[in-house]
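Please look over the sequence and the fold before reading on.

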Amino acid sequence: MRFKRWGSTKLPLRVVAPLPVILLLCGCAPSRTIVSGQEADRAERFFAGLPGRVVFPVKASFSGTVVPVAGGAVPFVAGVSATSPEEETVGLYDPLGRAVAFLANDGRHVAISRGPAADLAGFHGAAPLDTGPVSLARILSGAPGYTVTAAEAARYKDGAWSLSDGRQSLRSDPGRRFLAGAEYRVPGMRVTVDYPGRESADPPERIVLSVRGAKFTLRRDPE
């Protein structure tokens, strides 16, 4: 797997926060109406079918920026390699392609380890995350991170559906064709993911994640 290098900049990746393991419904979410009966069943089936659209193995690379809590965008590159939802690795690299951190998911926990360039980037490590059966590759591919089970279904004024349970809140586009955003709740944090500008069920070209106040913006590199 090749990771795009940003040869035009020499800024180091000074800050790396844990990348999930992640929707942003948006800062001020529109009002929604709880639905039941046949519409709730249709909404649940819609969201339940989305993970199956992601075919493993998954390999993709991204170019992006992170804006830490202190402010100031820092460029980075990233890559995901997953043979299954229980064997996934996400790598974070500085603009020169030097590894800063790795996230390894075994279907129960996400372990976060330092790369050779961790010190240069100012990354001091992070504790493992007890995420349960989440898939990072599915999230980065525009699908729900957890298996969809019975949950509260609702409809927004623009026609979009939402589905919420104890681990994730999902929101479709108004046309109910694909996932537009999600929020994931793991012990000690919430991770919000938004797919701005998404127009089809294909893997999103742009992903915006918010983790503990840090904002990651990723653009998927052409395959």
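Which residue stands opposite Ser164 in S8? The structure to consult is a predicted model, and in it the residue opposite Ser164 is Glu152.

## Strands S7, S8 and S9

Glu152 belongs to strand S7, which covers residues 152-156 and pairs with S8 in the antiparallel sense over four bridges. These two strands form a hairpin with four residues between them, and in this hairpin Gly159 takes a positive phi near 100 degrees. On its other pairing, S8 meets strand S9 (residues 168-172), again in the antiparallel sense, over three bridges. Here too there is a hairpin, with three residues between S8 and S9, and the bridge partner of Ser162 in S9 is Arg171.

In a regular strand the side chains alternate between the two faces of the sheet. Strand S8 (residues 161-164) has Trp161 and Leu163 on one side, with Ser162 and Ser164 on the other, and because all four are buried, both faces of the strand are covered.

## Helix H1 and its buried face

Helix H1 runs over residues 37-49, and its 13 residues, at 1.5 Å a residue, should span 18 Å; the C-alpha atoms at its ends are 19 Å apart, which agrees with that expectation. Within H1, the residues Glu39, Ala40, Ala43, Phe46 and Phe47 are buried. Seen down the helix axis, the buried residues of H1 fall within an arc of 125 degrees, so they line one face of the helix.

The face turned away from this buried side carries Gln38 and Arg45, which are exposed.

## The largest nonpolar core

In soluble globular proteins, nonpolar side chains tend to be buried together. The largest nonpolar core of this model has 54 residues, of which Phe47, Phe62, Val193, Ile207, Phe216 and Leu218 touch the most other members. Strand S3 (residues 74-84) gives the most to this core, with five residues.

Leaving aside residues up to four places away in sequence, Phe62 touches Val77, Ala78, Val80, Leu140, Ile207, Leu218, Arg219, Arg220 and Asp221.

The side chain of Glu183 makes a polar contact with the side chain of Arg190, at 3.2 Å. Glu183 and Ser164 are 19 residues apart along the chain, and their C-alpha atoms are separated by 9.1 Å.

In the loop between H1 and strand S2 (58-67) lies Pro57, and the peptide bond that joins Phe56 and Pro57 is cis, with omega about 5 degrees.

Two arginines also deserve attention. Arg176, in the loop between S9 and S10, has a positive phi of about 60 degrees although it is not a glycine, and at 28% relative accessibility Arg176 counts as partly exposed. Arg212 is placed in the loop between strand S12 (206-211) and strand S13 (214-220); this residue, which is not a glycine either, has a positive phi of about 50 degrees. With a relative accessible area of 52%, Arg212 is exposed, since the cut-off for an exposed residue is over 50%.

Key. Residues are numbered from 1 along each chain as its sequence is written. This is a predicted model: local features need pLDDT of at least 70, side-chain atom pairs count only at pLDDT 80 or more; totals for chains, interfaces and linings use all residues. Side-chain values use heavy atoms; hydrogens and water are left out. Buried means under 20% relative accessible area, exposed over 50%, partly exposed in between (1.4 Å probe, protein chains only). Two strands pair if DSSP finds at least two bridges between them. The expected span of a helix is 1.5 Å times one less than its number of residues. The arc is that of the directions from the helix axis to the C-beta atoms. A nonpolar core is a set of buried Ala, Val, Leu, Ile, Met, Phe, Trp, Tyr and Cys residues joined through side-chain atoms within 4.5 Å. Contact means heavy atoms within 4.5 Å. A polar contact is a pair of N or O atoms within 3.5 Å; within protein, one must be able to donate a hydrogen and the other to accept it, and residues adjacent in sequence count only if both atoms are side-chain atoms.
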